[in-house]
Amino acid sequence: MPVVSVSMPADLIERLDDLAAEHDYTGRSEVVRESARILLGEFENDRLEDRELAGIVSVLYDFGTQSVERRLTQLRHDHEEHVASTLHGHVDDYCLELFVLEADLEVISRFVGQVRSVEDVRTVDYSLVPLDSVGQLQES
């Protein structure tokens, strides 16, 4: 198996090691491999392809990190045809940015990937709702 060298903050390495120990992984490499498989497969969900989706993307970053604020604003403008709404709030010492997108899986996937690549972003989470199933949920 090829060896890949990756740079990451010490606290993230410590969390990987703790997770590996707590869940009986053979080591951090196994955790990283599983994480990569999950991330790569995240948007390979056939049931969501070719459907209009609502995507809710939450972004958490340190309060006052202007470089993140500028980059998120740029991404919002770059995707303005798909961003239905945004909300900015403060939670403890963090900023929480919520984006609501209306688009297909490919567009939302690209947006989430671009947000995840922003330096100094702490976490990015998202959820997807197929818009064609909303009426079905109300009828049930």
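This is a predicted model: local features need pLDDT of at least 70, side-chain atom pairs count only at pLDDT 80 or more; totals for chains, interfaces and linings use all residues.

The largest pocket has a lining of 27 residues, and those nearest its centre are Leu-12, Arg-15, Val-121, Arg-122 and Thr-123. A lining residue has an atom within 4 Å of a point. The elements that give two or more residues to this lining are helix 1 (10-22), helix 2 (28-41), strand 1 (53-62) and strand 4 (121-130). Helix 2 gives the largest share, 6 residues. Helices and strands are DSSP runs numbered from the N terminus: H or I over at least four residues, or E over at least two.

Before going on, two notes on the model. Residues are numbered from 1 along each chain as its sequence is written, and side-chain values use heavy atoms, with hydrogens and water left out.

How much space lies in the largest pocket? About 1,400 Å³. Volume means the space filled by probe spheres set on the grid points, with points joined across faces, edges and corners. By class, the lining has 16 nonpolar, 3 polar and 8 charged residues. Nonpolar covers Ala, Val, Leu, Ile, Met, Phe, Trp, Tyr, Cys and Pro; charged covers Asp, Glu, Lys and Arg; the others, Gly among them, are polar.

Now the second largest pocket. Its volume is about 370 Å³. Among its lining residues are Met-1, Pro-2, Val-3, Ile-13, Leu-16, Arg-28 and Arg-33. Helix 1 and helix 2 each supply at least two of the lining residues. Helix 2 again has the largest share here, 4 residues. The classes are 9 nonpolar, 1 polar and 2 charged.

Next, the fold. The protein has 5 helices and 4 strands. Along the sequence the pattern reads α-α-β-α-β-β-α-β-α. The C-alpha atoms fill a box of roughly 45 × 40 × 30 Å along the principal axes.

Helix 1 passes a simple length check. Its 13 residues should span 18 Å at 1.5 Å a residue, and its end C-alpha atoms are 18 Å apart, which agrees. The expected span is 1.5 Å times one less than the number of residues. After helix 1 comes Asp-24, with a positive phi near 60 degrees.

The 4 strands form an open sheet in the order 2-3-1-4, with antiparallel pairing. Two strands pair if DSSP finds at least two bridges between them. Which strands stand at the edges? Strand 2 (83-91) and strand 4; each has a single partner strand, so one side of each is left without a neighbour in the sheet. The twist averages 15 degrees from one strand to the next.

Strand 1 and strand 3 (residues 94-103) pair over 10 bridges. Ala-54 stands opposite Glu-102 in strand 3. Strand 2 and strand 3 are joined by 8 bridges. There, Val-83 has Leu-101 as its bridge partner. Their hairpin has 2 residues between the strands, and Asp-92 takes a positive phi near 55 degrees.

Last, the annotations. UniProt, in an unreviewed entry, lists "domain: Ribbon-helix-helix protein CopG" for residues 3-37. That span is 66% helix and 0% strand, with end C-alpha atoms 16 Å apart. UniProt also lists "domain: Transcription factor NikR nickel binding C-terminal" for residues 54-128, again unreviewed. Residues 54-128 are 33% helix and 48% strand, with end C-alpha atoms 6 Å apart. Such annotations may be inferred rather than shown by experiment.

How values were computed
On a 1 Å grid over the protein atoms alone, a cavity is a set of points where a 1.4 Å probe fits but cannot get out, and a pocket is an open set with protein on both sides within 12 Å along at least five of seven lines; lining residues have an atom within 4 Å of a point. Axes are lines fitted to C-alpha atoms, for helices over the stretch in contact, and angles run from 0 to 180 degrees between N-to-C directions.
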